[in-house]
Amino acid sequence: GIFRSADRGGSWTSANQGLTDPFVLCLTTGKDGAIYAGTFRGGVFRSRDGGKIWQPVNKGLKRLEIKALMMDAKGLYAGTGDGVYLLNAAQDQWPRLRVWLIDHEGLVENFIRVLAVDKEQGVYAGTFDGGVFRSGDAGKTWSPISRALPNDSIRGLISNERGVYVATGRGIFKTVDKG
């Protein structure tokens, strides 16, 4: 489940009211202070009161296993076993970005494990099967950028001013030219 602390970690209290799946895989926050939790079987939950009460936000999701959540200037992204979704905040639903992530060998890799965004608002998706993809248009199109990486599951993905870092079971790799 989810726990919260009001004293910088000195003490913790359970914060699971409304959370139907306590197996939380990821957390992120919105610009408005909302907290989002991605779960193993229950989809995405949102709290607008600092984690006291949680409500599901799953309309439009095909699969409810949420491996990654990420907020950028365009909104909230969810990485699932069915691809990447971008929340339509006005309608509070997830229209699927209907684009297949196809790697250099022509294989479809839609089991998203991690998400990141770079300083130019490019979105990166790392897959369970070892692919890394980049979208410069909020997920409308994706380019595979993992040709030089080992064929191993992507376990971490971050971006900062020095480049994009990819963690795999065979080490950490860096690109300074968007892959």
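This short talk goes through the overall fold, the nonpolar cores, the salt bridges and a few individual residues of one predicted protein model.

Before the details, please keep in mind that the model is predicted, that local features are reported at pLDDT of at least 70 and side-chain atom pairs only at pLDDT 80 or more, whereas totals for chains, interfaces and linings use all residues. Residues are numbered from 1 along each chain as its sequence is written, and side-chain values use heavy atoms, with hydrogens and water left out.

Let me begin with the chain as a whole. The secondary structure comes to 0 helices and 16 strands, where helices (H or I, at least four residues) and strands (E, at least two) are DSSP runs numbered from the N terminus. The radius of gyration, taken over C-alpha atoms, is compared with a globule rule of 2.2 Å times the number of residues to the power 0.38. For this chain of 179 residues the radius is 16 Å, close to the 16 Å from the rule, so the chain is as compact as a globular protein of that length. Along its principal axes, the C-alpha trace spans about 45 × 35 × 25 Å.

Of the 179 residues, 46% count as buried; buried here means under 20% relative accessible area, exposed means over 50%, and partly exposed lies in between, with a 1.4 Å probe and protein chains only. The accessible surface comes to about 9500 Å², of which 51% belongs to carbon and sulfur atoms, the areas coming from the Shrake-Rupley method with a 1.4 Å probe, and for residues only the protein chains shown count as cover. If we take contact to mean heavy atoms within 4.5 Å, then residues 24 or more positions apart account for 37% of the contacts with a separation of 6 or more.

Now to the interior. A nonpolar core is a set of buried Ala, Val, Leu, Ile, Met, Phe, Trp, Tyr and Cys residues joined through side-chain atoms within 4.5 Å. The largest such core has 14 residues, and those touching the most other members are Tyr77, Val84, Leu101, Ile112, Leu115, Ala125 and Trp142. Strands β7 (66–72), β9 (83–86), β10 and β11 each supply at least two residues of this core. Apart from it lies another core, of 13 residues, among them Val57, Leu61, Ile66 and Trp94. Going back to Leu101, and leaving aside neighbours within four places in sequence, its contacts include Ile112, Ala125, Phe133 and Trp142.

In one of them, Arg41 pairs with Asp21, with the closest N and O atoms 3.4 Å apart. This pair links distant parts of the chain, 20 residues apart, with Arg41 in the loop between β4 (35–39) and β5, and Asp21 in the loop between β2 (13–14) and β3 (24–29). Arg41 is exposed at 53% relative accessible area, whereas Asp21 is buried at 3%.

Another salt bridge joins Arg134 and Asp118 at 3.0 Å between the closest N and O atoms. Arg134 lies in strand β12 (residues 132–135) and Asp118 in the loop between β10 (112–117) and β11 (123–127), so the pair ties together parts that are 16 residues apart in sequence. Both Arg134 and Asp118 are buried. Glu65 and Lys67 also form a salt bridge, with closest N and O atoms 3.3 Å apart; Glu65 is buried at 15% relative accessibility, and Lys67 is partly exposed at 26%.

Arg46 deserves a separate word. Arg46 lies in strand β5 (residues 44–47) and counts as buried, at 8% relative accessibility. Beyond residues up to four places away in sequence, Arg46 touches Ala34, Ile35, Tyr36, Ile53, Trp54, Gln55, Val57 and Asp92.

Finally, two backbone points. Which residues other than glycine have a positive phi, in the loops I picked out? Arg8, in the loop between β1 (3–4) and β2, has phi near 55 degrees and is exposed, at 88% relative accessible area. Ala138, in the loop between β12 and β13 (143–144), has phi near 60 degrees, but Ala138 is buried, at 12% relative accessibility.

Note on methods
A salt bridge is a side-chain nitrogen of Lys or Arg within 4 Å of a carboxyl oxygen of Asp or Glu.
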